[in-house]
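Please open the structure in a viewer and keep the selection tool at hand.

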Amino acid sequence: MNDLLTIAGKTFESRLFLGTGKFGSNQLMAQAIAASGSELVTLALKRFDPENRSDIMVSQVSQPGVNLLPNTSGVRTAAEAVLAAKLAQQSLETNWVKLEIHPDPRYLLPDHQETLKATEELAKLGFVVLPYINADPVFCKALESAGAAAVMPLGAPIGSNQGLSSATMLEIIIRESNLPVVVDAGIGTPSQAAQAMEMGADAVLVNTAIAVAEDPAQMALAFKLAVQAGRIGYQAKLGAVKNVAEASSPLTSFLED
Amino acid sequence: MNLQTGATSFTQIFEQHPWADLAAQLAAITPADVEQALSRPGSGNPKDFLALVSPVAAPYLEQMAALSQQLTRKRFGKTVQLYAPLYLSNECINSCSYCGFSKEIDLPRIRLNREQVEAEIKVLKAMGVEHVLVVTGDFSETQAREYLTEAISWIQPHFAQVSMEVQPLPESDYRCLSEQGLHGVMCYQETYGPRYAEFHKKGKKKDFFWRLETPERLGQAGVHKMGLGVLLGLDDWRLDSFYVALHASYIQKKYWQTRLSISFPRLRPAKMGFSPDHPVSDRELVQLILAYRIFDENLELALSTRESPHFRNHMIPLAITSISAGSKTDPGGYANPEVALEQFEINDERSPKEMERVLQSSGLELVTRDWEPHFGLSNPTEA
């Protein structure tokens, strides 16, 4: 398959990224990662001990072919996010970071002012920054200028399983963005993931829907296939949706009389 | 029962909800009110909460359990966090009639010094504990500031998350302690009802409104997490818990960056032989916990070792997000388990490792670390 996704010069065959929170055990998480075929898996800095290199969580996530994407979940400011990225860089030996700044602990919605500041600073320090944001097309442009490597707009609030409630804005972002667009958060079913891919998203990130499923590994497989199907559907160019039936006797046929 | 907008403090809201009026409202709840509350989980409406804790909701317990479990999994996943209390002192200037640390009780008083605290830390770390809850009796305000500042500086470097359950402090103290890395503060009102003065006759704790405004000061000081609750058994648990919900609802709108945690300590026999006038049964406690979850799916709900293994095994998967295990409730108790000066009796002696296995059998993971201790320090870039 030659349809590769490229972010900051790195190529991925899989367009499904996985989050690693909320699993019932590290073992179930590891099985789900394997079944998903994902090559990019997020890991919250706050969940492991950066000074302990044999941390169990880290070792379970680290599988062949899987790249770690540390996230800054828990920080409330740009300064804390920059610190988090540096700590993650030291312990995981990666300069990639998923920037999450959500000072609101209930809906976990991103703070754009702080996100912009942190993106600028981290990009200057040489980090590959993937910011989690609201589906705001103008803000995506600001992040492009600030040096982000991709944008990660939300479909709906984290963990809500509400699907693409921001669809109208996502479509604009996908159309206008020069950066890869990864739809993050809110995707609750494989069909919603397929829908995001049909829309033209470059990838999706899924966590809760897989972690909380009764059989996480099977659900991960379902998402893998849905993402592939959605991508192929997008590439095959969907037929235009028609609002009216085409009349078999054309209304303007009188012109031919 | 919408919260009046423009209220500048919780005291104003509190005064709009007299205890006697609420008792009348509680008595007027109908099955239709309960069904409405069940049809809009997460409404955050204290009136819905009142319906869910009412006696009328008792027949809906099974339905509430299913709903609560579903909400908990969706919001928190298949994880439960671990913490352990770290008792530093049993000195106390108060005479609370229900408490094993009351100054009226003749028992040896201890305040751990640095060496003793470090001995405790060593045992806790070996148990795999990363989140600790520092507990003390009440000191004078000056002594509290001095001792807690020192103690937090001894403890904070060793753990991912340090919270505390101590006397109410001024906002400036909360601010300083947060800058030192204190993560959260639990401060329970004990009771919001008219009998508060009866239980708290002496000491600073007499001042009901100083305690009532504590969450406000915590919000102003920007602590990451605050804990609310009442001591179940002191007065009518349904009414008392309603005020907790009312308080939570007020705090969440005003201090929207703060996480809220609720506890439901039930009175157990303490050394003075206090027997609660309003004991709460297992069935009632289950109803209360489920009501909190359905009221607000974002609340952290903590269940301590006051409760039995049987109760905890079954209740944790339904609503709980954080548990203690292996707890000692006497200062120095981890390093010196043979000395018994505990605040309350432990009903569940299982260690964190054992709890990990128990949760595993329910498909849940016990999470020991969920915080990066550098977050929230006064100057994180220098950490």
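Begin with the largest nonpolar core, which has 183 residues. Such a core is a set of buried Ala, Val, Leu, Ile, Met, Phe, Trp, Tyr and Cys residues joined through C-beta atoms within 7 Å; buried means that 20 or more other C-beta atoms, placed from the backbone, lie within 10 Å of a residue's own. Select V182(A), V204(A), L52(B), V132(B) and V134(B), the residues with the most contacts inside this core.

This is a predicted model, in which local features need pLDDT of at least 70, side-chain atom pairs count only at pLDDT 80 or more, and totals for chains, interfaces and linings use all residues. Residues are numbered from 1 along each chain as its sequence is written, while chains are lettered from A and ligands numbered from 1 in the order in which they are written.

Next, select V182(A). Leaving aside neighbours within four places in sequence, V182(A) is in contact (C-beta atoms within 7 Å) with residues including F17(A), L130(A), M152(A) and V204(A).

Now turn to where the chains touch. The contact takes 28 residues from chain A and 23 residues from chain B.

Buried residues make up 49% of its 257 residues. The C-alpha atoms of chain A fill a box of roughly 85 × 40 × 35 Å, taken along the principal axes.

How values were computed
A residue is buried if 20 or more other C-beta atoms lie within 10 Å of its own, exposed if 12 or fewer, and partly exposed in between; C-beta atoms are placed from the backbone. Two residues are in contact if their C-beta atoms, placed from the backbone, lie within 7 Å.
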